[in-house]
Amino acid sequence: MSTTMTDEQIRALAATAKPYSPALLQWGPERTMDGADAVEFEHQRRMVSLRADGLIAILCPVTSDDRRPGRSATARA
């Protein structure tokens, strides 16, 4: 670390922080059924739209075969 943060800077940042709710997704047993890719794509469309509308703060799709295909964080309303 090269930047030193003062106690006041940390307190000021903490005072403006927003609460978020993380979501970790996992593939279900029907992931390979016919039509699943189309359903997933429409889900991605919805998530990107929610992000564009400011309802999702962080959207992190994972493009590997990991059993956890995506992550998101939503701001509390």
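A residue is called buried when its relative accessible area is under 20%, exposed when over 50%, and partly exposed in between (1.4 Å probe, protein chains only). By that criterion, 10% of the 77 residues of the protein chain count as buried.

The model is a predicted one, in which local features need pLDDT of at least 70 and side-chain atom pairs count only at pLDDT 80 or more, while totals for chains, interfaces and linings use all residues. Residues are numbered from 1 along each chain as its sequence is written, and side-chain values use heavy atoms, with hydrogens and water left out.

**Whole chain**

Select the protein chain and colour by pLDDT, the predictor's confidence in each residue from 0 to 100. The mean is 79, and 77% of the residues reach 70 or more.

Next, display the secondary structure, in which helices (H or I, at least four residues) and strands (E, at least two) are DSSP runs numbered from the N terminus. The protein chain holds 2 helices and 3 strands, in the order α-β-α-β-β from the N terminus on.

With a surface shown, the chain exposes about 6700 Å², of which carbon and sulfur atoms supply 57%; accessible areas come from the Shrake-Rupley method with a 1.4 Å probe, and for residues only the protein chains shown count as cover. Contacts, meaning heavy atoms within 4.5 Å, may be examined next. Among those between residues at least 6 apart in sequence, 48% join residues at least 24 apart.

**Helix α2**

Select residues 36-52, which form helix α2. α2 has 17 residues and reaches 24 Å from its first C-alpha to its last, close to the 24 Å expected at 1.5 Å a residue; the expected span is 1.5 Å times one less than the number of residues.

Highlight Ala-36, Met-47 and Leu-50, the buried residues of α2. Viewed down the axis, these buried residues fall within an arc of 60°, so they line one face of the helix; the arc is that of the directions from the helix axis to the C-beta atoms. Asp-37, Ala-38 and Ala-52 are exposed on the other side of α2.

Now show the side chains of Arg-45 and Glu-42, which meet in a salt bridge at 2.9 Å, N to O. The term denotes a side-chain nitrogen of Lys or Arg within 4 Å of a carboxyl oxygen of Asp or Glu, and the count by this rule is 1. Arg-45 and Glu-42 are 3 residues apart in α2, and therefore separated by about one helical turn. Arg-45 is partly exposed at 44% relative accessible area, and Glu-42 is partly exposed at 42%.

**After α2**

Move on to Gly-54, which follows α2 and has a positive phi, near 80°. Finally, select Ala-57 in strand β2 (residues 56-61). Ala-57 is partly exposed, with a relative accessible area of 36%. The C-alpha atoms of Ala-57 and Tyr-20 are separated by 8.2 Å, although the two residues are 37 apart along the chain.
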